[in-house]
Amino acid sequence: MPNAVEPPSASPTRLEEAYALLADASGAPWRPLAGGTDLMVQMTGGIGEPPERVLDIWAVNELRGIGVDADAIVIGALTTYTELRRSPVVAEFVPALVEAAATIGAAQIQNRGTLGGNVVNASPAGDTLPVLLALGAEMVLGSAHGERTVHADDFWPSYRTTARRDDELLVRVRIPLALGRQVRFRKIGTRRAQAISKVVMAIAWHSSADDGPWADVRLALGSVAATTVRARTTEAAIEGKRPTRQTADAAVEALTAELEPIDDVRSTADYRRLVAGRVLHRLIRDEGGW
Ligand SMILES: Cc1cc2nc3c(=O)[nH]c(=O)nc-3n(C[C@H](O)[C@H](O)[C@H](O)COP(=O)(O)OP(=O)(O)OC[C@H]3O[C@@H](n4cnc5c(N)ncnc54)[C@H](O)[C@@H]3O)c2cc1C
């Protein structure tokens, strides 16, 4: 039965106030509500544990904004997909994130859904997660005790869990700036809009010339495992190689052996493995221009 009873809620306007509420251990834990495009669906649909207390953070403007500091692009957790798509800073430094944002839901979801919500919701099909993982993003968590930073490699330890504690908010995401870094994003779904990924992929690398060897390769995939994952064997197959047909063939062989996707309502494991390989092959071919 869908949950018909509304849980108690609070709507702080300042971060400090939100932290104080989260730190109050006298009652049930608060569940943050950002855009609500995941949480409201879960609550009204009776999916998962219903929240006992809801902390509506939408009015906490300290969680908004996109900027650049000394060595990273910094994106507030409440930044919506529409804001990501319209940001000249994101377009310049992380165009793959603009591409990912553009594939999420449709306009209504993009106006309300936030980057922080996608990150903390921790769906293995979350479309921004592979981009953040490929780019080695850092998640800044805040609480009444201060802030701490968790690397994307450690943020999603298992199915739908995160490194976040109950008394913390995701405050911002830091994406390190790196000269000469390239990143590409690909999503396979049933349609162009309102489609949950069957496979979603992002790959980042450094190269000093257009068809030069790829270094520091990070290949991240979603919808192929319990969490967003890096395909490390495949990364190793590409590392130090130029984007040739031989490299693409070797990468596909490695990826097909490395991935262990599941069958579910959206796709079969075989399809996911096959399409992930094809997409990677084509991506390398496009970069190599052959
Ligand atoms: C029709 C539809 C289409 C969709 N299409 C896509 C799609 O194509 N790709 C995709 O990836 N997703 C899709 N989604 C899912 C959803 O829109 C995204 O995951 C979105 O980014 C969630 O953000 P939100 O702000 O709405 O999160 P909310 O629903 O408010 O929160 C999600 C979770 O994150 C937690 N949370 C949120 N912000 C914070 C914070 N700052 N600190 C701590 N915890 C926090 C909440 O407690 C909750 O557990 C779709 C959803 C719908 C309804």
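Biologist: Which residue puts a polar side-chain atom 2.7 Å from a nitrogen atom of the ligand?
Modeller: This is a predicted model: local features need pLDDT of at least 70, side-chain atom pairs count only at pLDDT 80 or more, and totals for chains, interfaces and linings use all residues. Residues are numbered from 1 along each chain as its sequence is written; side-chain values use heavy atoms, with hydrogens and water left out. A polar contact is a pair of N or O atoms within 3.5 Å; within protein, one must be able to donate a hydrogen and the other to accept it, and residues adjacent in sequence count only if both atoms are side-chain atoms. The residue at 2.7 Å from the ligand nitrogen is D127.

Biologist: How much of the ligand's area does the protein bury?
Modeller: K187 has a polar side-chain atom 3.1 Å from a ligand oxygen. Accessible areas use the Shrake-Rupley method with a 1.4 Å probe; for residues, only the protein chains shown count as cover. Alone, the ligand exposes 980 Å², and the protein buries 90%.

Biologist: Which element gives the largest share of the shell around the ligand?
Modeller: The shell holds 33 residues, each with a heavy atom within 4 Å of the ligand. Helices (H or I, at least four residues) and strands (E, at least two) are DSSP runs, numbered from the N terminus. With five residues, the largest share comes from helix 7.

Biologist: How many residues does domain 3 bring to the contact with domain 2?
Modeller: Contact means heavy atoms within 4.5 Å. Domain 2 gives 24 residues. From domain 3 the count is 26.

Biologist: How much area do domain 2 and domain 3 bury between them?
Modeller: Interface size is often given as the accessible area lost when the parts come together. Here it is summed over both parts, with a 1.4 Å probe. Carbon and sulfur atoms hold 61% of it, and the total is about 1,900 Å².

Biologist: Which side chain makes a polar contact with that of R184?
Modeller: R184 sits in strand 9, residues 181-188. Beyond four places away in sequence, R184 touches residues including A96, M201 and W205. The polar contact, at 2.6 Å, is with E287.

Biologist: What C-alpha to C-alpha distance separates P8 and E52?
Modeller: P8 lies in the segment before strand 1 (9-10). P8 touches E52, and also W30, R53 and V54. P8 and E52 are 44 residues apart in sequence, while in space the distance is 7.1 Å.

Definitions and conventions: Buried area is the accessible area (1.4 Å probe) that two parts lose on being put together, summed over both.
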